[in-house]
Amino acid sequence: MKVLNFIESALSGILFLLGIGISLYSVFMRYVMGASQSWATEVYTMLLVWAIFIGFSTALKEDKHIAIELFYDKFGPTMKKVSQAIIFIIGIGFSIFIIWTGFNMVLTAYDQQIKTIDLGFPIWINYLIMPIAGVLLLIRFCEKAYRFFVKHEEITHGGDLEWKQ
């Protein structure tokens, strides 16, 4: 898992920085140099979308997604297990849905030979992030379920900021 953590963090960070860099280049060229770079929008949009979708998995791993723990904190051990089981079932189901629909999007775009307007880049490559992100989320949900049900670890930490009622 340490290798996956490193790859996720490094790839997401690199893609994000490249996307922001190309975006800034595009703004500079358009407003300072007066030469619009239409290709840049396609590239930085793809890079940022990939970075964000990879970041979903990282956020799940680090408990950074929005969570309402008002009731969960008041639950007893049995109800906590039941609610976690429901959360994991929904999360794993959502991950499988993302994998399935993403895979269908990739195949459809590949079969139809759809390309981006400015660069002529195959759009199926852009769509690959959907099944990849689904697999990453599936891995993280399964990891969290294993830690909770098998290792009996408390897995909800509330992230950086906890709101107390």
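This is a predicted model: local features need pLDDT of at least 70, side-chain atom pairs count only at pLDDT 80 or more; totals for chains, interfaces and linings use all residues.

Guide: One term before we start. A crossing is left-handed if the near helix is turned anticlockwise from the far one by less than a right angle.

Visitor: At what angle do α3 and α5 cross?

Guide: Roughly 160 degrees. Their axes come within 7 Å. Angles over 145 count as roughly antiparallel, so α3 is roughly antiparallel to α5.

Visitor: Which residue classes make up the contact of α3 with α5?

Guide: By class, there are 21 nonpolar, five polar and three charged residues.

Visitor: Let's move to α1 and α2. How do their axes cross?

Guide: Helix α1 covers residues 2-31 and helix α2 covers residues 38-61. Their axes cross at roughly 150 degrees and come within 8 Å. That is over the 145 cut-off, so α1 and α2 are roughly antiparallel to each other.

Visitor: Is α1 passing α2 in a left-handed or a right-handed crossing?

Guide: Left-handed. The contact of α1 with α2 has 16 nonpolar residues, along with eight polar and two charged.

Visitor: Zooming out, how many helices and strands are there?

Guide: Five helices and zero strands. Along the sequence, the protein chain reads α-α-α-α-α.

Visitor: Is the chain a compact globule or more spread out?

Guide: More spread out, because its radius of gyration is 20 Å, well over the 15 Å that the globule rule gives for 165 residues. The C-alpha atoms fill a box of roughly 65 × 40 × 30 Å along the principal axes.

Visitor: What share of the residues is buried?

Guide: 32% of the 165 residues count as buried.

Visitor: And what share of the contacts comes from residues 24 or more positions apart?

Guide: 74%, taken over contacts with a separation of 6 or more.

Visitor: Switching to a single residue. Where does P122 lie?

Guide: P122 lies in the loop between α3 (77-112) and α4 (123-127).

Visitor: Why does P122 count as partly exposed?

Guide: Because its relative accessibility is 21%. Buried means under 20%.

Visitor: What is P122 in contact with, leaving aside neighbours within four places in sequence?

Guide: I114 and K115.

Visitor: How far apart are P122 and Y110?

Guide: In sequence, 12 residues. In space, P122 and Y110 are 7.7 Å apart, C-alpha to C-alpha.

Key:
Residues are numbered from 1 along each chain as its sequence is written. Side-chain values use heavy atoms; hydrogens and water are left out. Axes are lines fitted to C-alpha atoms, for helices over the stretch in contact, and angles run from 0 to 180 degrees between N-to-C directions. Helices (H or I, at least four residues) and strands (E, at least two) are DSSP runs, numbered from the N terminus. Angles under 35 degrees count as roughly parallel, over 145 as roughly antiparallel, 65 to 115 as roughly perpendicular and the rest as oblique. Ala, Val, Leu, Ile, Met, Phe, Trp, Tyr, Cys and Pro count as nonpolar, Asp, Glu, Lys and Arg as charged, and the others, Gly among them, as polar. Buried means under 20% relative accessible area, exposed over 50%, partly exposed in between (1.4 Å probe, protein chains only). Contact means heavy atoms within 4.5 Å. The radius of gyration is taken over C-alpha atoms; the globule rule is 2.2 Å times the number of residues to the power 0.38.
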